[in-house]
Amino acid sequence: MINKIVPAIRMIASKEKVLTIRLDDSEQFPKLNTEDSVRSLPFVKTDSGIIVITGKTEPEDIIAEVEVKISAWYTAHSSHPDFILLDGMGLIALANNASELDSLLGLPVGEAKTVAGRVQDKIIIVTGGAQGFGGGIAELLYAQGANVVVADLNEEAGKGMANILNTNKQTNQAFFVKVNVSDPGSVEEMITNTVKHFGGLDVIISNAGILRAGGLDEMTPESFALMTDVNYKGYFFCAKYASSVMKVQSNFRKDYFMDIIQINSKSGLKGSNRNFAYAGGKFGGIGLTQSFAMELMPNRIKVNSICPGNFYEGPLWSDPQKGLFVQYLNAGKVPGAKTLNDVKAFYDAQVPAGRGCRVLDVVRAILYAIEQEYETGQAIPVTGGQNMLN
Ligand SMILES: NC(=O)c1ccc[n+]([C@@H]2O[C@H](COP(=O)([O-])OP(=O)(O)OC[C@H]3O[C@@H](n4cnc5c(N)ncnc54)[C@H](O)[C@@H]3O)[C@@H](O)[C@H]2O)c1
């Protein structure tokens with residue numbers, strides 16, 4: 001219900017600039033049913049514009065009435081209302097950006113700056129956004145003006161990341177949502193929480209992923225199933241629930257492009273020795289991307305995978321206790337290597353660019369995919385020349 005109505009209202013109420021809106025359905029709000037009851041709320045100002053929708057239960061009827069009332073409101077006021085009360089559901093606040101929303105709702109807001117970035121006020125979910133590639137992607141997209149949903153299984157690290165971003169005091173904001181991408185119910189809830197908090201969804205970066213290496217003798221069916229659940233099925237769940245909200249937005253705004261972006265891997269383009277559970281899931285992800293792209297382009301939802309090379313500076317490789325460099329040194333995997341630097345030099349030398357992949361390399365590919373209107377179903381390699389397309 002929320003995912004059908006709120007994104008529709010976001011688009012109906014937007015003219016040139018797409019608005020950021022918030023549904024508060026906590027405690028007292030669903031019980032309000034008149035304009036006076038809204039006006040009596042402590043944060044509502046005497047000159048606030050309010051639309052009230054009552055006596056409707058079906059999403060189509062609610063949306064139809066919102067369309068009529070918003071159109072009349074624009075004719076009378078040349079602007080959008082500040083609040084829409086949906087009787088029985090809650091109160092929606094409408095604003096140009098997230099910090100204006102806070103101020104409308106009476107939350108403490110200090111000075112906030114608008115950065116005018118390349119994804120200004122877009123609503124972007126980054127799964128696995130607490131650390132590693134996901135953390136870096138969340139940080140750089142926030143710096144480019146996005147409202148970022150840091151979605152992660154790790155609550156402490158994820159909240160920490162969202163808090164760090166918000167200390168920059170921009171008019172766009174970051175928000176943490178706990179999710180387990182291998183659980184469809186949890187992914188659907190992540191999308192609903194995003195819709196309630198920011199009003200819709202413009203981009204989802206399906207980044208959360210895990211790696212348990214091993215050849216056929218070592219790989220247990222349980223490990224194989226876990227990696228498939230997170231890396232492969234998790235991407236399907238994200239695309240399923242994200243696209244249903246994006247389709248609602250596209251129904252109400254015919255010129256609006258949105259993105260589903262999977263962080264894949266160079267192991268999605270070429271087999272990976274003793275690492276088949278990871279490579280198999282990533283190859284499969286490209287099959288999903290190509291198929292989703294065909295299905296969703298009529299709704300102007302582009303679907304692309306980005307295939308980074310090894311992120312040597314990230315925790316997977318560089319963690320001082322359990323990172324792959326330490327593991328490979330201890331296991332004598334690199335002949336003649338005596339130090340961590342020897343192991344690292346061996347791997348750097350396999351990349352024509354002479355170094356590992358960095359967050360900025362990946363974010364440049366993400367921004368390319370978002371800014372394109374004519375690219376979908378692709379697997380974009382970001383490997384410093386290590387993997388090339390045929
Ligand atoms: N590290 C690399 O060298 C490399 C190279 C190419 C591609 N990738 C891909 O990049 C993505 C991120 O990798 P990374 O190395 O940054 O990983 P990471 O381990 O540093 O971070 C992964 C994040 O995902 C979260 N996560 C794990 N399982 C989850 C689940 N079920 N639901 C929600 N969140 C979950 C973790 O809590 C963590 O915050 C993965 O898809 C990976 O396959 C990594």
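Student: In what order do the four strands form the open sheet?

Tutor: The order is E1-E4-E3-E2, with mixed pairing. Here strands (E, at least two residues) and helices (H or I, at least four) are DSSP runs, numbered from the N terminus, and two strands pair if DSSP finds at least two bridges between them. This is a predicted model, in which local features need pLDDT of at least 70 and side-chain atom pairs count only at pLDDT 80 or more, while totals for chains, interfaces and linings use all residues. Residues are numbered from 1 along each chain as its sequence is written, and side-chain values use heavy atoms, with hydrogens and water left out.

Student: Which strands stand at the edges?

Tutor: Strand E1 (20-24) and strand E2 (50-53) do; each has a single partner strand, so one side of each is left without a neighbour in the sheet. From one strand to the next, the twist averages 15°. Such angles run from 0 to 180 degrees between N-to-C directions, and axes are lines fitted to C-alpha atoms, for helices over the stretch in contact.

Student: In what sense do E2 and E3 pair, and over how many bridges?

Tutor: E2 and strand E3 (residues 83-86) pair in the parallel sense over four bridges. Ile51, for example, has Ile84 of E3 as its bridge partner.

Student: Which strands does H1 touch when it packs on the sheet?

Tutor: Helix H1 (residues 2-13) touches E1, E3 and strand E4 (90-95), and its direction makes about 145° with that of E1. Contact means heavy atoms within 4.5 Å. Helix H3 (residues 59-77) also packs on the sheet, where it touches E2 and E3; its direction makes about 155° with that of E2.

Student: Now the helix pairs. At what angle do H1 and H7 pack?

Tutor: The angle between H1 and helix H7 (residues 184-198) is about 35°, and their axes are 10 Å apart. Their crossing is left-handed, a term used if the near helix is turned anticlockwise from the far one by less than a right angle, with right-handed used if clockwise. H1 contributes Ile2, Asn3, Val6, Pro7 and Arg10 to the contact, and H7 contributes Ile191, Thr192, Val195, Lys196 and Phe198.

Student: How many residues of that contact of H1 with H7 are nonpolar, polar and charged?

Tutor: Six are nonpolar, two polar and two charged. Ala, Val, Leu, Ile, Met, Phe, Trp, Tyr, Cys and Pro count as nonpolar, Asp, Glu, Lys and Arg as charged, and the others, Gly among them, as polar.

Student: Is the crossing of H7 and H8 left-handed or right-handed?

Tutor: The crossing of H7 and H8 is right-handed. The H7 residues in the contact include Pro184, Val187 and Glu188, and those of H8 include Phe237, Cys238 and Tyr241. By class, the contact of H7 with H8 has ten nonpolar residues, no polar ones and one charged.

Student: How many residues of E6 are buried?

Tutor: In strand E6 (residues 147-152), six of six are buried, meaning under 20% relative accessible area, where exposed is over 50% and partly exposed in between (1.4 Å probe, protein chains only). Asn147, Val149 and Ala151 point one way from E6, while Val148, Val150 and Asp152 point the other way. Strand E5 (residues 123-127) pairs with E6 in the parallel sense over five bridges.

Student: What about H12? Why do its buried residues line one face?

Tutor: The buried residues of helix H12 (residues 340-348) are Val343, Tyr347 and Asp348. Seen down the axis of H12, they fall within an arc of 135° (taken from the directions from the helix axis to the C-beta atoms), so they line one face of the helix. They pack against helix H10 (315-318) and helix H11 (324-330).

Student: Is Ser99 buried or exposed?

Tutor: Ser99 counts as buried because its relative accessibility is 8%. Ser99 is located in helix H4 (residues 98-104). Not counting residues up to four places away in sequence, Ser99 touches Val109, Ala112, Gln170, Thr171 and Gln173.

Student: And Glu27: what is its phi?

Tutor: Glu27 has a positive phi of about 35°, although it is not a glycine. Glu27 lies in the loop between E1 and helix H2 (35-39). With 70% relative accessibility, Glu27 counts as exposed.
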